[in-house]
Amino acid sequence: MKSKWIRLQVQLGFRKVLTLLSDTPFSDEHGSGFEVLELENNTVRLKFCERHVDREEVIDPFGAVNEMQTIRYAFLVFNLKQQGSGLFSIELLNPPRSIKRLITDLRETLGDITVTEVLFDPLLLYSEWVKTNSSGRVRKLRATNLFLSAQSSAKVEISSNHDALIEFRKAFSNMECVIDRLYIEDVSGSECYLDVYRSGLVAYDQTKVCDIRAFFEHYFSTTNFFQPEE
């Protein structure tokens, strides 16, 4: 399971946002739309459907050129939660590489909006994770911008049966770098894992969805990710 969060600011209340999205269902004419799947308190789960039309020219054995059209549909499920006045978090579930069409449709439906990607500091997130998951260990680590000299830099990936973060710090204790990824595994035998990327993407065991979501709710509340901008 994968998740990625974005921050949505719009001068509308939760009920108005919900009404506008539910009143914009998928249609062949528009080629995209929203569907409300579940509503609970100040959180709603929605599905965004998008139609893709691909055209390809095919030349038959006699030299005739024919155009073939293929239609496919893409679905994206996301959780929309109100975090404050005019402020919402959107959790994208198993997000695609691009969400441009989703953002375009949100803007067309809701009006003037501001959308910001949520990025993570993997080390900061890991420090919060181990406060309640003491059996977590970093099994894999990726670091970039390790400057070897004024003219060269390196990228390092470490896999460890013990703790990749400890081993990385031993080997590169005096070097500045950027931690891009931490793969955290529970060594207590529960087979729970959390794969955190600096880009804001996280992957985790689908059987632990409730625990993971509770952790991120706590993490966001303590780090002010979704506080109104002054």
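Is Glu 217 buried, partly exposed or exposed, and what is its relative accessible area?

Author: Glu 217 is partly exposed, its relative accessible area being 31%; buried means under 20%, exposed over 50%, and partly exposed in between (1.4 Å probe, protein chains only). The model is predicted, with local features requiring pLDDT of at least 70 and side-chain atom pairs pLDDT 80 or more, while totals for chains, interfaces and linings use all residues. Residues are numbered from 1 along each chain as its sequence is written, and side-chain values rest on heavy atoms, without hydrogens and water.

The partner of Glu 217 is Lys 81: the two form a salt bridge in which the closest N and O atoms are 2.9 Å apart. The term denotes a side-chain nitrogen of Lys or Arg within 4 Å of a carboxyl oxygen of Asp or Glu. This pair joins distant parts of the chain, with Lys 81 in strand β4 and Glu 217 in helix α5 (residues 209–223), 136 residues apart. Helices (H or I, at least four residues) and strands (E, at least two) are DSSP runs, numbered from the N terminus.

Strand β4 also holds Asn 79, which counts as buried at 9% relative accessibility. Apart from its neighbours within four places in sequence, Asn 79 is in contact (heavy atoms within 4.5 Å) with Thr 43, Val 44, Arg 45, Ser 89, Ile 90, Glu 91, Leu 93 and Arg 213. Between the C-alpha atoms of Asn 79 and Leu 39, which are 40 residues apart along the chain, the separation is 9.6 Å.

Tyr 73 is likewise placed in strand β4 and is partly exposed, at 41% relative accessibility. Together with Val 53, Ile 71 and Phe 75, Tyr 73 forms a nonpolar surface patch of about 370 Å² accessible area. Patches join residues with over 30% relative accessible area and no salt bridge, like charges within 9 Å and nonpolar side chains (Val, Leu, Ile, Met, Phe, Trp, Tyr) within 5 Å; the areas come from the Shrake-Rupley method with a 1.4 Å probe, and for residues only the protein chains shown count as cover. Strand β4 (residues 65–84) contributes the largest share of this patch, three residues.

Strand β4 is also one of the elements against which the buried residues of α1 pack. Those residues of helix α1 (residues 14–22) are Phe 14, Val 17, Leu 18 and Leu 21. They span an arc of only 100° around the axis, which puts them on the same side of α1; the arc is that of the directions from the helix axis to the C-beta atoms.

Lys 4 counts as buried, at 12% relative accessibility. Another salt bridge connects Glu 128 with Lys 131, the closest N and O atoms being 2.9 Å apart. Both residues lie in helix α3 (residues 122–132), three residues apart, about one turn of the helix. Here Glu 128 is buried at 15% relative accessibility, whereas Lys 131 is exposed at 61%.
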